[in-house]
Amino acid sequence: MIRRPPRSTLSSSSAASDVYKRQPLPIGPYNQAINFNDMLFVSGQIPLDPISNKLVDSGIVDETNMVMKNIDAILKEANMSFDDIVKTSIFLKNMDDFKDVNETYGEFFKNTPPARETVQVSKLPLDVNVEISCIAIKK
């Protein structure tokens, strides 16, 4: 079972808040995102469908699409968009998926894409093929 973690320990006096309502619940003791002084720090998102709470595993394009939709839901919750993202990190189980992930990811950035790195890792949570985190700054 996937459970929502306790609220952030950052106090409201530090102008921080956690952001999660329309995206999948975290799979561990962390927040999906922390909003601090118009900066949004989004935890790594995996292809977990927020409706069914099941992993999308029908191929790397569908998986990347689900990850990006989850990021979109978090951004919208913070009144932000992909235009506000300044940095992303992509973690791939197999670098051979780079081309497909790159094309799918690129469809979500209509203007200037953010800074980014993509790395291959030996294993990801729930054995998924892709995980993406980001930082956004409200413009």
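Which hand does the crossing of α1 and α2 have, left or right? The crossing turns out to be right-handed, a label given when the near helix is turned clockwise from the far one by less than a right angle, with anticlockwise giving left-handed. The model is predicted, so to speak of local features takes a pLDDT of at least 70, and side-chain atom pairs count only at pLDDT 80 or more, while totals for chains, interfaces and linings use all residues. Numbering runs from 1 along each chain as its sequence is written, and side-chain values use heavy atoms, with hydrogens and water left out.

On confidence, the protein has a mean pLDDT of 85, with 80% of its residues at 70 or more; pLDDT is the predictor's confidence in each residue, from 0 to 100. Residues 1-20 stay under 50 in pLDDT, and for them the model has 50 contacts beyond four places in sequence, a contact being heavy atoms within 4.5 Å.

As for the overall layout, the protein has two helices and six strands, arranged along the sequence as β-β-β-α-β-α-β-β. These elements are DSSP runs numbered from the N terminus, with helices as H or I of at least four residues and strands as E of at least two. Of the 139 residues, 43% count as buried; buried means under 20% relative accessible area, exposed over 50% and partly exposed in between, using a 1.4 Å probe and protein chains only. Among contacts between residues at least 6 apart in sequence, 64% join residues at least 24 apart.

Back to the helix pair. Two packed helices are described by the angle between their axes and the distance between the axes. Here, the axes of α1 and α2 (residues 98-106) come within 9 Å and cross at roughly 35°. The axes are lines fitted to C-alpha atoms, for helices over the stretch in contact, and angles run from 0 to 180 degrees between N-to-C directions. On the α1 side, Ile 60, Val 61, Thr 64, Asn 65 and Met 68 meet Asp 100, Val 101, Thr 104 and Tyr 105 of α2. By class, this contact has five nonpolar, three polar and one charged residues. Nonpolar covers Ala, Val, Leu, Ile, Met, Phe, Trp, Tyr, Cys and Pro; charged covers Asp, Glu, Lys and Arg; the others, Gly among them, are polar.

Not counting residues up to four places away in sequence, Thr 64 touches Val 101, Thr 104, Tyr 105 and Val 130.

Phe 109 sits in the loop between α2 and β5 (115-120). With a relative accessible area of 10%, Phe 109 is therefore buried. Leaving aside neighbours within four places in sequence, Phe 109 is in contact with Met 68, Phe 82, Ile 85, Thr 88 and Pro 114. Phe 82 is 27 residues from Phe 109 in sequence and 6.2 Å away in space, C-alpha to C-alpha.

Two loop residues other than glycine have a positive phi. For Asn 79, in the loop between α1 and β4 (85-92), phi is near 55°. Asn 79 counts as exposed because its relative accessibility is 58%. For Asp 127, in the loop between β5 and β6 (130-137), phi is near 60°. Asp 127 is partly exposed, with a relative accessible area of 38%.
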